[in-house]
Amino acid sequence: EGWTLDWLAKNDPAFMQEMRDWVVRFKGRWLPAGCSYGQPHMTFVSEESTIRQMFYGTRAIKEHFGFDNDIYIYSEHETMPQMPQVLAGMGYRGAYFRTHMQYGGDGPARDADWGLWTGLDGSSIPAIPATDNVYPFATERW
């Protein structure tokens, strides 16, 4: 989470540098991911505060690691109907839902290698979905 990165930069800069070194040492294999600043539960907060959490979270990754986080990957997907529109508008180029857990709203499930995750307004973003056989309780469909 972005808050943790900001805290580490202030309170443990040596560890932050070690993390930056991992990005170089394990190029293409280790990157910090996520998109939130704290640990919001999108089913409990408004869409506006969700967007703010994402904005500050991606800012922290850019500030501390020097790259844009443009793939949405989050273990607690907790999607809202506008999420494809929000992600596309924030410059994300894809989403990844095949993670270790499905919690709190789940992500879209589809037995496919990839698909277009399409929001209510027609906005879409390429995504790697969770699969029905792995996550049989996923609540959204494509």
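I started with β4, whose covered face holds Ile-125 and Ala-127. Ser-124, Pro-126 and Ile-128 sit on the uncovered face of β4. A reminder to myself: this is a predicted model.

Next I looked for the strands that pair with β4. Strand β2, residues 94–96, runs parallel to β4, and 2 bridges join the two. I found Tyr-96 opposite Ile-128 of β4. Strand β3, residues 115–118, pairs with β4 in the antiparallel sense over 4 bridges. Here Leu-116 has Pro-126 of β4 as its bridge partner.

How many residues lie between β3 and β4 in their hairpin? I counted 5 residues there, and Gly-122 in the turn has a positive phi of about 95 degrees.

**The nonpolar cores**

I then turned to the largest nonpolar core, which has 15 residues. Met-54, Tyr-72, Met-83, Leu-87, Tyr-92, Phe-97 and Trp-117 are the members that touch the most others. Both α4 (83–89) and β4 (124–128) supply at least two residues each to this core. The biggest giver is α4, with 3 residues.

Which residues does Leu-87 touch, leaving out those up to four places away in sequence? My list for Leu-87 reads Met-54, Tyr-72, Tyr-92, Trp-117 and Ile-125.

**Aromatic rings**

Last, I searched the whole structure for aromatic pairs and got 7. Phe-15 and Trp-22 make one that is edge-to-face, at 5.7 Å centre to centre with 85 degrees between the planes.

Phe-15 has 28%, so it is partly exposed. Trp-22 has 22% relative accessibility and therefore also counts as partly exposed.

Phe-55 and Tyr-56 form another edge-to-face pair, 5.5 Å centre to centre and 70 degrees between the planes. Tyr-56 counts as partly exposed because its relative accessibility is 39%.

Finally, I traced a cluster in which ring pairs link Phe-15, Trp-22, Trp-30, Phe-65 and Phe-67.

Terms used
Residues numbered from 1 in each chain as written. Predicted model: local features only at pLDDT ≥ 70, side-chain atom pairs only at ≥ 80, totals over all residues. Heavy atoms only, no water. Core = buried A, V, L, I, M, F, W, Y, C linked by side-chain atoms within 4.5 Å. Buried < 20%, exposed > 50% of the residue type's maximum accessible area, 1.4 Å probe, protein only. Contact = heavy atoms within 4.5 Å. Phe/Tyr/Trp six-rings, centres within 6.5 Å; stacked < 30°, edge-to-face > 60°. Pairing = 2+ DSSP bridges.
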